[in-house]
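Here is my note on the model, as numbered points. Please read it with the structure open.

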Amino acid sequence: EPDSAELGGGLLVITARDEATNLFNYTAARINTRDRFAFRYGRVEARIRLPGGQGLWPAFWLLPQDDAYGTWAASGEIDIMEAVNLGVSGNNEVHGTIHYGGEWPNNTFTGNAYTVASSATDEFHVYAIEWDADEIRWYVDDVMYAMQNAWSSTGGPYPAPFDQQFYILLNVAVGGNFPGSPDASTVFPVTMEVDYVRVYSGNL
């Protein structure tokens with residue numbers, strides 16, 4: 001939905017609504033930089049206020065610009081920040097994860113969860129990774145909570161698949177296997193507010 005993503009007050013606002021279109025009960029937006037901006041290695045961060053409620057799944061993540069090692073997830077996925085059901089069963093927790101291995105269904109993932117120090121839904125926080133050739137580190141407000149340095153791809157030798165250019169995605173998903181469906185307690189519309197996205201990369 002074009003009006004599900006808009007700029008206002010210096011923020012990018014991504015909205016999920018309870019409205020039926022094209023066989024779906026909800027509308028939302030996904031912003032991505034594919035074919036416009038992709039990068040390899042460095043630090044990427046975004047300052048975001050997240051939506052809360054049952055069935056909500058905001059995310060800030062990376063996908064490969066080119067599937068050099070095969071289809072998902074042989075060419076990798078880097079989830080800088082995902083949250084599900086914030087303020088309800090998800091409490092105040094975010095997740096940082098990598099997906100890799102073989103093409104679906106032979107893919108795998110490893111990740112960590114982190115409880116944000118103050119409300120992720122009421123306040124803005126900075127979610128970031130630092131990505132090197134052989135290590136990825138996850139941060140919330142400059143606190144490192146996870147590190148990964150072991151992964152693989154059926155499409156090539158280590159450090160594949162995380163040695164290619166990736167592009168940025170920001171979205172709010174509604175429902176799905178991770179959060180489950182919304183319920184009567186979920187208040188729509190919900191918004192994810194993005195103050196900025198910054199990439200510091202020494203190797204474009």
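1. From the N terminus on, the chain runs β-β-β-β-β-β-β-β-β-β-β-β-β-β, with zero helices and 14 strands. Helices (H or I, at least four residues) and strands (E, at least two) are DSSP runs, numbered from the N terminus. The radius of gyration is 17 Å, close to the 17 Å that the globule rule gives for 204 residues, so the chain is as compact as a globular protein of that length. The radius is taken over C-alpha atoms, and the rule is 2.2 Å times the number of residues to the power 0.38.

2. This is a predicted model, in which local features need pLDDT of at least 70, side-chain atom pairs count only at pLDDT 80 or more, and totals for chains, interfaces and linings use all residues. Residues are numbered from 1 along each chain as its sequence is written, and side-chain values use heavy atoms, with hydrogens and water left out.

3. Two cis peptide bonds deserve a look. One joins Trp104 and Pro105, with omega about 10°; Pro105 is in the loop between strand 8 (93–101) and strand 9 (107–115). Another joins Tyr158 and Pro159, with omega about 15°; Pro159 lies in the loop between strand 12 (143–148) and strand 13 (166–174).

4. Tyr41, in the loop between strand 4 (38–39) and strand 5 (42–49), has a positive phi near 70°. Tyr41 counts as buried at 14% relative accessibility, where buried means under 20% relative accessible area, exposed over 50% and partly exposed in between (1.4 Å probe, protein chains only).

5. Asp142 also has a positive phi, about 65°. Asp142 counts as exposed, at 58% relative accessibility.
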